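Hi,

Here's the structure I said I'd pass along.

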Amino acid sequence: MDTHVSRQPATLASRLEAARRRRFVGRRAELELVREALASDDPPWAVLFVHGPGGVGKSTLLTRIAEEARAAGVDPVRIDQLPFTDGMPNEILVQAGHRNAYDHALRAAGARIVDVGTQGYPGGGRTHAWQVEAAIGPQTVGIAVPFQNAPGTVPLKQVCEIAHRHGLAVIVDAAAALPPKENLRRFIADGADLVAYSGGKAIGGPQASGILCGR
């Protein structure tokens with residue numbers, strides 16, 4: 001009896017990818033760094049700088065890194081999708097007493113803001129810690145906390161404790177928090193993961209400048 005195996009014909013995209021893989025040589029140290037980070041629950045580095053003069057293969061290396069990420073189940077192109085966040089977690093919690101005109105920056109990046117607590121009359125709203133924790137769901141990616149006087153809101157340090165129990169990041173809008181210079185370290189010390197400072201306010205720099213720092 002005649003038997004044969006029917007194979008799915010290779011697509012042009014898969015053939016091109018295979019050809020790229022065959023032609024790619026070297027860069028073993030860089031790829032090993034990437035593989036180590038992809039395989040770890042606590043990556044040994046947060047940012048890998050790829051630099052050098054034109055024509056040395058930076059773009060080719062980044063394409064190879066993207067292939068390694070996809071093979072490990074990591075999506076390397078989500079940032080290119082922004083501000084369109086369909087199909088990915090996109091909710092950022094904000095306490096009702098913290099809502100202000102500047103949280104538009106979060107929405108402009110594709111976030112959906114989820115109000116937590118009650119607004120009430122000016123200065124009369126309140127958010128409890130249990131409300132922050134109860135608002136966390138499968139679509140939550142972080143909690144935003146502005147530097148402002150907002151009685152009745154859960155303090156930053158407690159928000160960070162709640163967020164980190166759930167593997168979430170805490171973003172602090174500290175645009176007007178300088179001076180004093182001690183505030184450059186204060187919010188990170190309280191547990192914040194990302195802090196934004198304006199360069200165009202008391203620092204006296206250009207309006208489009210600022211400081212973005214974190215862990």
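Starting with the surface: the protein exposes about 14300 Å², and carbon and sulfur atoms supply 56% of that. Bear in mind that this is a predicted model. Of the 215 residues in the protein, 30% are buried.

On the fold, I count eight helices and six strands. From the N terminus, the order is α-α-α-α-β-α-β-α-β-α-β-α-β-β. If you take the contacts between residues at least 6 apart in sequence, 52% of them join residues at least 24 apart.

The largest pocket has a volume of about 1400 Å³. It is lined by 41 residues, and Ile92, Leu106, Ala109, Ile171 and Leu194 are the closest to its centre. Which elements give two or more residues to that lining? They are α4 (78–81), β1 (91–95), α5 (104–108), β3 (140–146), β4 (169–173), β5 (194–198) and β6 (210–214). By class, the lining of the largest pocket splits into 29 nonpolar, eight polar and four charged residues.

The second largest pocket comes in at about 420 Å³. Its lining has 16 residues, with Val34, Trp45, Ile65, Ala69 and Pro76 closest to the centre. Two or more lining residues come from each of α2 (28–39) and α3 (58–71), and α3 gives the largest share, four residues. In this second lining, 15 residues are nonpolar, one is charged and none is polar.

Cheers

Terms used. Residues are numbered from 1 along each chain as its sequence is written. This is a predicted model: local features need pLDDT of at least 70, side-chain atom pairs count only at pLDDT 80 or more; totals for chains, interfaces and linings use all residues. Side-chain values use heavy atoms; hydrogens and water are left out. Buried means under 20% relative accessible area, exposed over 50%, partly exposed in between (1.4 Å probe, protein chains only). Contact means heavy atoms within 4.5 Å. Accessible areas come from the Shrake-Rupley method with a 1.4 Å probe; for residues, only the protein chains shown count as cover. On a 1 Å grid over the protein atoms alone, a cavity is a set of points where a 1.4 Å probe fits but cannot get out, and a pocket is an open set with protein on both sides within 12 Å along at least five of seven lines; lining residues have an atom within 4 Å of a point. Grid points are joined across faces, edges and corners, and a volume is the space filled by probe spheres set on the points. Ala, Val, Leu, Ile, Met, Phe, Trp, Tyr, Cys and Pro count as nonpolar, Asp, Glu, Lys and Arg as charged, and the others, Gly among them, as polar.
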